[in-house]
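Subject: Structure for you to look at

Hello,

Here is the structure I promised. Please open it first, then read my notes below.

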Amino acid sequence: TKVVADTGDFQSIKAYTPRDATTNPSLILKAVQKDEYKPLLEKAVRDNPHASTGEVIDKLLIAFGGEILKIVSGRVSTEIDARLSFDVEANVAKGRELIDLYERAGFDRERVLIKIASTWEGIKAAEILEKEMIHTNLTLLFSLPQAIACAEAGVQLISPFVGRIYDWYKKQTGIEYEGAEDPGVQSVKKIYNYFRKFGYETEVMGASFRNTSQILELAGCDLLTISPDLLQKLADSNDPVERKLTADSAGAMAKISVDEKT
Ligand code: E4P
């Protein structure tokens, strides 16, 4: 399992040793509320006086992505505005534009994953981008059929969500599912086991965690993207297995296995 930091607050990543990092516009908007990131926001507005809010957010994505790439040794996932989720061409154009901006800022395209919603259109866009060696991370993924469509399209990585499924079940039933009973955990396990069983190469990164028990259940997945708050909870744990999950490579973690029923 490779540990990935899920945040816009890149200073907080420094306390851990994640391999990669993921971010999204809402995490970046949250980060720029903090005084330490205000200069980045002010610079983006100053340098682009006629830009719309969406364009300023794009500039911030690049600025934050660049800072994160200086901290982690691996890749950063940078997300395309979800309002484009049902437009193949817009996703392709935005993916090309973002990669171009990163390359012009001196970063290797191999270190950037373009994060796209796992809609039909998003998956089609990812298929086109992957053929141009622009690698993608398909996000907002909640089901096995979405995951299989992504793998068949040759995407580099998928981010099946745990917490949003957990939240939905909790709201509908009032039950706070735990451990292996958690429907969000079950969804990711099902996808991971199916991919291993049928030999798909697409990497599976568990995302959207609400507690450390979900993270522990999914130890063994290819990657897990974890917020700094939860990374800190793992680091403070008395359990050596939980502490290990804050490090770059927790290779010995193998809680989920391909023997499970898919
Ligand atoms: C990761 O790539 C996602 O942006 C993130 O984990 C989403 O989590 P949320 O459900 O807390 O928004």
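**Aromatic rings and the ligand**

F161 has 9% relative accessibility, so F161 counts as buried (under 20% relative accessible area; exposed is over 50%, partly exposed in between; 1.4 Å probe, protein chains only). This is a predicted model: local features need pLDDT of at least 70, side-chain atom pairs need 80 or more, and totals for chains, interfaces and linings use all residues. Residues are numbered from 1 along each chain as its sequence is written, and side-chain values use heavy atoms, without hydrogens or water.

A search of the whole structure gives 10 aromatic pairs (Phe, Tyr or Trp rings, the six-membered one for Trp, with centres within 6.5 Å; planes under 30 degrees apart are stacked, over 60 edge-to-face, the rest tilted). F142 and F161 make an edge-to-face pair, 5.6 Å centre to centre with 80° between the planes. F142 is partly exposed, at 34% relative accessibility.

Y194 and F198 form a tilted pair, because their planes are at 45°, with the centres 4.6 Å apart. F198 is partly exposed, at 48%. Ring pairs also join Y194, F195, F198 and Y200 into a cluster.

Now the ligand. Its surroundings include F161, D6, R164 and S208 (each with a heavy atom within 4 Å). For S208 the distance is 2.8 Å. Alone, the ligand exposes 350 Å², and the protein buries 84% of that (Shrake-Rupley method, 1.4 Å probe).

Best wishes

Terms used. Polar contact = N/O pair within 3.5 Å; in protein donor to acceptor, adjacent residues only side chain to side chain.
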